[in-house]
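Good morning, and thank you for making time for this presentation. I shall take the aromatic residues, then the cavity, then the nonpolar cores.

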Amino acid sequence: METIFLSVEPSVAEISIKGNLEQFLIVLSVSLSVATISRIFSWFRQIPYTLLLVIVGLGLAFVDIRLVTLSPELILEIFLPPLLFEAAWNIRWRSLKDSLFPVSLFAIVGVVISVVGVAFPLSYFTDMSLATALLVGASLSATDPVSVVALFRELGASKRLTIIMEGESLFNDGVAVVAFLLLVDIPLGNGEFGISTIMIRFLTFVGIGLGIGSLIGFGISYLTQRFDLPLVEQSLTLVSAYGTYLITEELGGSGVIGVVTVGIILGNFGSRIGMNPRTRLLVSEFWDFLAFFVNSIVFLLIGDQINFASLRNNFDLIIVAIASVLITRAIVIFGLGNLSNLVSKTKTNLREQTVLWWGGLRGSVSIAVALSVPVVLTGRQEIITTVFGVVLFTLLVQGLSTKWLLSTLNLIGDQPLRQEYSELLARKVAMNRVLDYLNNNELASEIDPEYYRYQQGLVKGQLQNIEDKIDKMQQVNDDLRALTMEQLNEQLLDIEADTYAEFIRAGKLNENLSPVLQEIIAKAGDT
């Protein structure tokens, strides 16, 4: 009997692995099909890609096709670290530093206002208990503006607006998760409402996250100085994202804060002193792909997990929660935003505050937090349904109308024009380098002179065409000349910083740099 049992067990495991692989391939195929269709048909390009995935997922849920079971562990441990790391890697510290005060207000004080502002109306206007309503408030206090930030960049909204929204999202995810962990024991009878106890636990969560993230971030930064192996350095960033999350959670800290910290350090410091420009580009492209890949799966599954019957049965809870979220978001953005304007150098006007208010979408983090509510807790299904309903509203109603709002408030910038101009400048530099190579090529004597002159003439013609286009664009828009000077300053700073980093990697400079050199490297990382 024992022999028979042992022979059957591997077969069951193989069937399970095969089933999971098939499910994964189905999800991936649907996601990539949506991505392809959205690029082929111009009408679909009007809808942000992630929102289109949610709509397709809703369609699948409506006909009761469930692609896969969405567990909190799947989002929190597999999907969340790369999404957080990619955003932190790409955010520039100098820009974030300039907006740190409003970002901190929104991410810390704003989360407290959101939790309380959602919880009390739910407990007052519905039958939901206050302890349960606090969990709904904590789940919905994390913003997830993936679609909105992508839209900002595409349409050329101000860089400050993008930084504030992205920075708030990065940090309030961690604060929201910590708030949830502090509150989840209360309805189970295990928690305390003491302010001092909550503050100590909060500082512990955040402190461990910051400490582990900093330790791993700076450790890998100095480690990558010792070698120049692009694929190894790329793999180290992947290990650091998942490793930081798991280690921090294991030690009782906030894995979200840990991943954000290590991402900011590696993206702004480690990539500058430990990676050459080619490796930095390789790593950035890798994380761009991974973020696209993960977002494609997550947003499709969000729509696919909707239970329409449960939404109908809890319609009153969802309506109260939506109204509460919008009102508390207005208090946070307009109230704290104006307070920040009085203190901070970074100012946000009324139009920008309006977009920040309406663009505060809820997404994967809110759903993951809601799904992590213990099964034994009474009202767990109400929490999940309410959160799903609010997430659905913010993604479909707010997300789809943000482009119209940006246009109405005249916040669409000249990003397409600046991008075209930047590409022309890059082509001019490239063509000049090609021409220099042709003029100084040692093998010129070995090549047919007629063919050589033809190639030189071809490059000169392309170069003249590019210069004509640049002149025309400068005549139409004088501001583009300032962009040329900005790019020159950035190139000069990059050359200087890369030289110091090269000396460090070669062992000609000690890694303990003087404050002057550290400032130059930091500035180069900000550009």
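Two rings of Phe, Tyr or Trp are taken as a pair if their centres lie within 6.5 Å, the six-membered ring being used for Trp. Under that definition, Phe85, Trp89, Phe286 and Trp287 form one aromatic cluster. Please keep in mind that the model before you is predicted.

The secondary structure comes to 21 helices and 0 strands. The chain has 527 residues, and buried residues make up 50% of them. Among contacts with a separation of 6 or more, 81% are between residues 24 or more positions apart.

A search of the whole structure gives 9 aromatic pairs. In one of them, the ring centres of phenylalanine 85 and tryptophan 89 are 6.1 Å apart and the planes stand at 25 degrees; planes under 30 degrees apart count as stacked, so this pair is stacked. Both residues belong to helix α3, residues 72-90, where phenylalanine 85 and tryptophan 89 are 4 residues apart, about one turn of the helix. Are they buried or exposed? Phenylalanine 85 has a relative accessible area of 0% and is buried, and tryptophan 89, at 3%, also counts as buried.

A further pair joins tryptophan 357 and tryptophan 358. Their ring centres are 5.4 Å apart and their planes are at 55 degrees, so the pair is tilted. As buried means under 20% relative accessible area, the two residues fall on either side of that cut-off: tryptophan 357, at 22%, is partly exposed, whereas tryptophan 358, at 17%, is buried.

I turn now to the cavity. The structure holds 1 cavity of 30 Å³ or more, and about 50 Å³ of space lies in the largest cavity. Which helices each supply at least two residues of its lining? They are α5 (100-125), α8 (159-183) and α14 (315-343). Of these, α5 gives the most, with 4 residues. The lining includes Phe106, Gly110, Glu168, Asn172, Arg329 and Arg362. By class, the lining residues divide into 3 nonpolar, 5 polar and 3 charged.

In soluble globular proteins, nonpolar side chains tend to be buried together. Here, the largest nonpolar core has 122 residues, and those with the most contacts inside it are Phe85, Leu122, Val136, Val355, Ile383 and Leu395. The helix that gives the most to this core is α8, with 12 residues. Phenylalanine 85, already met in the stacked pair, thus returns as one of the residues with the most contacts inside this core.

What does isoleucine 383 touch, not counting residues up to four places away in sequence? Its partners are Thr132, Leu135, Val136, Ala370, Val373 and Leu377. One of these, Val136, is itself among the core residues with the most contacts.

Finally, I would draw your attention to a loop residue. Serine 344 is found between α14 and α15, the latter spanning residues 350-358. With a relative accessible area of 9%, serine 344 is buried. Leaving aside neighbours within four places in sequence, serine 344 is in contact with Asp98, Phe101 and Pro102.

Technical notes:
Residues numbered from 1 in each chain as written. Predicted model: local features only at pLDDT ≥ 70, side-chain atom pairs only at ≥ 80, totals over all residues. Heavy atoms only, no water. Phe/Tyr/Trp six-rings, centres within 6.5 Å; stacked < 30°, edge-to-face > 60°. Buried < 20%, exposed > 50% of the residue type's maximum accessible area, 1.4 Å probe, protein only. 1 Å grid on protein atoms, 1.4 Å probe; cavity = no way out; pocket = protein on both sides within 12 Å on 5 of 7 lines; lining within 4 Å. Points joined across faces, edges and corners; volume = space filled by probe spheres on them. Nonpolar A, V, L, I, M, F, W, Y, C, P; charged D, E, K, R; others polar. Core = buried A, V, L, I, M, F, W, Y, C linked by side-chain atoms within 4.5 Å. Contact = heavy atoms within 4.5 Å.
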